[in-house]
Amino acid sequence: MEVDWGIFAEQFARTFTFWWVILPAIVLGLIVGAIPGFSAANTIIILLPLTLSLEPEIGLIFMVALYASSRMGAGIPAILVNIPGTAGAAATPLDGYPMTRQGRAQQALAISFVSSVLGGLLTTILALIAMPWLSQVAYYLHSVEMIVIMIFGISLIATIAARDTLKGLIAGFFGLMIGYIGADVVYETPRGTFGFLELYDKVPLIPALVGLFAISEAFAVIEGQSILTKRGQEAMQKAGWDATIEGTVEALRRWWHIVWTSIIGLVIGVVPGAGAAIAAFVAYQQSKTFSKTPEKYGTGHIEGLIAPESANNGVTSGTLVPLLVIGVPGGATAAIMAVVLQYHGVTVGPDLFQNQPELAYGPFTAMAVTYGIMILTVLPLARYMSRITVVSTVYMAPIIISFTLVGSFVPRGYLFDMYLALVFGVIGYIARKTGYHVAAILIGVILGPLLENYFLRALRISQGDLGVLFSSTVVNTLWVLLIVSLFVPWYLELRRRKARPAGGYDDEGC
Amino acid sequence: MPDPVNDSKDRQDKPGLGAELIIPVASVLFSLYYFSTITDVPWTAQVSAFFVGSILGVLSLVFIVRSILRVRRGEATFGLGRLLEPVAYVPKRIVLFLLTIGYIFVIQWLGFTITTFLFLSSAMLLLGEGKKKGLIFCLSLVLSFGGYLLFVVAFETRFPEGPFELMVKGLF
């Protein structure tokens, strides 16, 4: 399959004429992305009557613009109030929130916007060029290969838990066990559900996210009048447009970091089911591993914010590749797009590029145009958005609790999920107060069901033979890469310790 | 002869590890409960959970032993440490927690708008120690009604319905 650049250029110019569709989709996407419980997928489902009534091309542009902007929107509350809008932004507060507490919210938002836009734009173009090859990735990854990829994910826990590895591992494995709750996919036996029917379908991710991040944070911040440190409050008093410019320049100076971490997102996005959360944490881990100053991560380090934001926007274009080329959606939003296209009688696959190039290239050009419009409209808002951090906790904590709790009700419509969010809130509060990282627990909750599903499938296919875990060249190569990636940080740290005298940095990370 | 003043000061200076043991102990208890629910399933469905649960058990055990050794060496205590600090905020936190449970419990009858208004105003009054009542009343009203307009009317989201939502349904 060759890329026709003429059609692509024509399509690009044509997409610009649909700015009137893209602009409201951006506004809507930023809002739903920023509110926990409101995903792009859910919003597109709610708006299906509208999308289905539009021309397929316009409907597709609307969905893509909403999808891309919601990814960026999810990072805004993650930076400002330590509450990721979606699981894909769960790695963003690791360095984004400490920056906010230091009074650098405006810089952090600008860095997040520039990284998201550049990462998203670059991967959109790369996806277009490398589509024929990227689409093959999914063919080589079966259950056993996915097991190793999931173990890759688990190894991230150790990275997050830099201050006390033992505590980090306990938090991560505790999360994994929580992720195992529910009926197993093969035998459908309920396990660890405490008798609740609502848990048969696994632990829902939104209440876990809301509880671990939002509720626990709200109960923790009431100790002070503001979420900002004293220095942060002083810095916010002086903040002007120069802070936005500073953040933009800081991000642009690290353009290479944006490039390679967004490519991580693109490749992981192509793998069906892997998702933005895994991509963001993998990018964060790799960024820290190869950094000259890994000890600064978690304290408001710019690279620690760039990595997850570039990667989760890289996923956005990645998930569309298998959908358009082989008809397999890479994620929930891509699956809904497939449904809309099928409704209009459009068959996705290689023929689409010959028969209806405007639909085949359309999502990528729409994404590129969306990112272009987004940076112009959102960047100037960083200054005003950052003002939310000066709101007193007297008002902020109750608002966070009520709106995020209701957000956890939305995906399934169960009151039970609000109670579940509160339970996770208690776990998160204890974790925060006693030095266990809530992000490590969340990684476990995300990866637990995925790891178990692939494990069950692999063992069922091999009829219980554990040798299946080493049964192909691809899986053996992945094992070697896993071992290398575990030893490289240890080796690099050893070299760094030998190279420099003893000393450290202030750690304000949570 | 023991010096009660210095002993008390020592206890305050040393980190309290009791709170840090909550998550490891809860992890072990949960893993044991989980194992009890998978005894009857085929071994292929057990192996993954036993693998993760066993690692979690070993890690928790190492942490518990490490904590006991620190206490025995006199470096720490089994107190609740940072969990309850600052102590002055404990009553506020407990009342806020009870208000949150009340919010979830009542929302099924009163619906999103009324319950959110009641929760926001009572929680803000609690945290603000009864000051700025007028501002809190207006803010709660604007936020709960604004939330209704944004989520229920504009986004057509399935929020819990109550008397207010049913009453104004005809308008939107």
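## Basis of the model

This is a predicted model, in which local features need pLDDT of at least 70 and side-chain atom pairs count only at pLDDT 80 or more, while totals for chains, interfaces and linings use all residues. Residues are numbered from 1 along each chain as its sequence is written, chains are lettered from A and ligands numbered from 1 in the order in which they are written, and side-chain values use heavy atoms, with hydrogens and water left out.

## Aromatic pairs

Over all chains, the structure holds 24 aromatic pairs (rings of Phe, Tyr and Trp, the last by its six-membered ring, with centres within 6.5 Å; planes under 30 degrees apart are stacked, over 60 edge-to-face and the rest tilted). One of them joins A:Phe403 and B:Phe112 edge-to-face, at 6.0 Å centre to centre and with 75 degrees between the planes. This pair crosses between chains, from helix H22 (residues 393-409) of chain A, which holds A:Phe403, to helix H4 (residues 90-127) of chain B, which holds B:Phe112; helices are DSSP runs of H or I with at least four residues, numbered from the N terminus.

A:Phe403 is buried, with a relative accessible area of 17%, and B:Phe112 is likewise buried, at 0% (buried means under 20% relative accessible area, exposed over 50% and partly exposed in between, with a 1.4 Å probe and protein chains only).

## A charge over a ring

The charged end of A:Lys167 sits over the ring of A:Tyr436, 5.4 Å from its centre, where the criterion is NZ of Lys or CZ of Arg within 6 Å of the ring centre and within 35 degrees of the ring normal.

Conventions. Helix = DSSP H or I, 4+ residues; strand = E, 2+ residues; numbered from the N terminus.
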